[in-house]
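Try each task yourself before you read its solution.

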Amino acid sequence: MIEQTGLLFTQAEQTRQLTARVLDADGAVVSRAVTWTASDPLDIAVDATGLARAVSGSGSSQIMAEVDGVRSAPLLAVVRSPSLTVKVHQVISITKAAYR
């Protein structure tokens, strides 16, 4: 089971370390090698240690952890740069002298 519930990156090249908890049939934590995969590594990639990295400036990827052929539920990772909106208003200053 991946311990994080989701990831949000705000720019390319940001990273986050993921962790997985592996349980046996009795629910006890066991130490096993975890294989990490990402559905779209061109947007968000994950390496063998679980380090997720935003590759592009926008997009998403489902990340899964697998142990002994058993896959976790996918974690949704999204990279989206915050949008910046600039509004320009024209200000006209009228003084009393303009009315004379």
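**Exercise 1.** Decide how open E3 is to its surroundings, then find its charged partner.

*Solution.* Step 1: E3 has a relative accessibility of 44%, so E3 counts as partly exposed (buried is under 20% relative accessible area, exposed over 50%, partly exposed in between, with a 1.4 Å probe and protein chains only). Keep in mind that this is a predicted model, where local features need pLDDT of at least 70, side-chain atom pairs count only at pLDDT 80 or more, and totals for chains, interfaces and linings use all residues. Residues are numbered from 1 along each chain as its sequence is written, and side-chain values use heavy atoms, with hydrogens and water left out.

Step 1: Side chains of opposite charge can pair when their charged atoms come close. The partner of E3 is R21, and their salt bridge spans 3.7 Å from N to O (the term means a side-chain nitrogen of Lys or Arg within 4 Å of a carboxyl oxygen of Asp or Glu).

Step 2: The two residues are 18 apart and link distant parts of the chain, with E3 in the segment before strand 1 (7-9) and R21 in the loop between strand 2 and strand 3. Strands here are DSSP runs (E, at least two residues), numbered from the N terminus. R21 is partly exposed too, at 34%.

**Exercise 2.** Which residue meets E13 in a salt bridge?

*Solution.* Step 1: The side chain of R53 does, at 3.4 Å from N to O.

Step 1: E13 lies in the loop between strand 1 and strand 2, while R53 belongs to strand 5 (residues 51-54), 40 residues away.

Step 2: With 52% relative accessibility E13 is exposed, whereas R53, at 32%, is partly exposed.

**Exercise 3.** Where in the chain do D68 and R32 lie?

*Solution.* Step 1: D68 and R32 form a salt bridge, with their closest N and O atoms 3.4 Å apart.

Step 1: D68 sits in the loop between strand 6 (58-67) and strand 7 (70-71), and R32 in the loop between strand 2 and strand 3, 36 residues apart.

Step 2: D68 is exposed at 65% relative accessible area, and R32 is partly exposed at 46%.

**Exercise 4.** How many salt bridges does the structure hold?

*Solution.* The structure holds four; among them are E3 with R21 and E13 with R53.

**Exercise 5.** Locate L23 in the chain.

*Solution.* L23 is in the loop between strand 2 (15-17) and strand 3 (35-38). Its relative accessible area is 39%, so L23 is partly exposed.

Technical notes. Helices (H or I, at least four residues) and strands (E, at least two) are DSSP runs, numbered from the N terminus.
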